[in-house]
Amino acid sequence: MGAKKKHYQTIYENFGAPISKAHDCGKYCAPLNGGQPVCCDHDHAIPAASPPEWKVMKKRTDMWKRYKPKDAHAKKEVAEIEETCVAIVCNGAKYCERDNRLLACRAFPFYPYFTKDGEFAGLAYYWVFEDRCWVISNIEAVDKAYVKEFIEAYDTLTDVDEGEYLAFHEQSANMRRVFSRRNAPIPLIGLEGEYLQVLPKSGGKIVPADPKKYPKFGPYRSRKAYEKAAKEAEEMYGPAEWGEMPPFPA
Ligand code: SF4
Ligand code: SF4
């Protein structure tokens, strides 16, 4: 069985918490990206809805449209997405209707991590965004209320939709492979909001972690790295409209 309209409606009603009440993270990544939060910039990520989610969403709002790829690279990406999902685009961050965000928008940068045995173990991130997403370098900033709603949403979805479960199970296996090759642990937020890590080359062994030791990436490594990236972005795009300096450890 697949997810139906009622499941997405329940998910939308119950999964609305911000990722962090203390931080408007878009204000940290957008200045480095021409003023657009990275996860709302379709040049970085083409949003994908499952066919039932698209059915629900197009009745709720006209904020979303089918994505029409213009170049060969985008065409290839869309063809891959559309093997199972529908590639769509919204009107952009300035016109975002919060209640009509896709599940993928609400979840970003996280996806539900499954163990080899198929157990839902927590939130892992889409590592391809390590160099651009502030949250990935600041996992401690993620609120417990958000984690709880995320878990309930994906419990609902993967319980009723085998295709979704299999996709996340495979994504988790890919992440284990990539991080084993890096010889680096996978940072994980557990089902109770606890900090964990999946050890590399361990068959997926999960142990507690000190979140202070989770790695930081790219411009979020230090104040100096951020300032350098902000300067480069200003040269490329002009002064950032939403500029705000993220906090760094003293
Ligand atoms: S989730 Fe990451 S990419 Fe999206 S707005 Fe926040 S910091 Fe930027
Ligand atoms: S719906 Fe909102 S959160 Fe989702 S991509 Fe569009 S602007 Fe970003």
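The questions and answers below set values beside the definitions they rest on.

This is a predicted model, in which local features need pLDDT of at least 70 and side-chain atom pairs count only at pLDDT 80 or more, while totals for chains, interfaces and linings use all residues. Residues are numbered from 1 along each chain as its sequence is written, and side-chain values use heavy atoms, with hydrogens and water left out.

Q: Why is α1 called roughly perpendicular to α3?
A: Helix α1 (residues 5–14) and helix α3 (residues 51–60) pack at an angle of about 65°, with axes 9 Å apart. Angles under 35 degrees count as roughly parallel, over 145 as roughly antiparallel, 65 to 115 as roughly perpendicular and the rest as oblique. That makes α1 roughly perpendicular to α3.

Q: Which residues bring α1 and α3 into contact?
A: Contact means heavy atoms within 4.5 Å. K5, Y8, Q9 and Y12 in α1 meet P52, E53, V56, M57 and R60 in α3. Five of the contact residues are nonpolar, one is polar and three are charged. Here Ala, Val, Leu, Ile, Met, Phe, Trp, Tyr, Cys and Pro count as nonpolar, Asp, Glu, Lys and Arg as charged, and the others, Gly among them, as polar.

Q: What makes α1 and α6 roughly antiparallel?
A: α1 packs with helix α6 (residues 144–160) at an angle of about 175°, and their axes are 9 Å apart. The two helices are therefore roughly antiparallel to each other. H7, Y8, I11 and N14 of α1 touch E149, A153, T156, L157 and V160 of α6. This contact of α1 with α6 has five nonpolar, three polar and one charged residues.

Q: What makes the phi of N183 stand out?
A: Most residues other than glycine have a negative phi. N183 is not a glycine, yet its phi is positive, about 60°. N183 belongs to the loop between α7 (162–182) and β6 (186–189).

Q: Where is K201, which has a positive phi although it is not a glycine?
A: K201 has a phi of about 50°, and K201 lies in the loop between β7 (195–198) and β8 (206–208).

Key
Chains lettered and ligands numbered in written order. Axes fitted to C-alpha atoms, helices over the stretch in contact; angles between N-to-C directions. Helix = DSSP H or I, 4+ residues; strand = E, 2+ residues; numbered from the N terminus.
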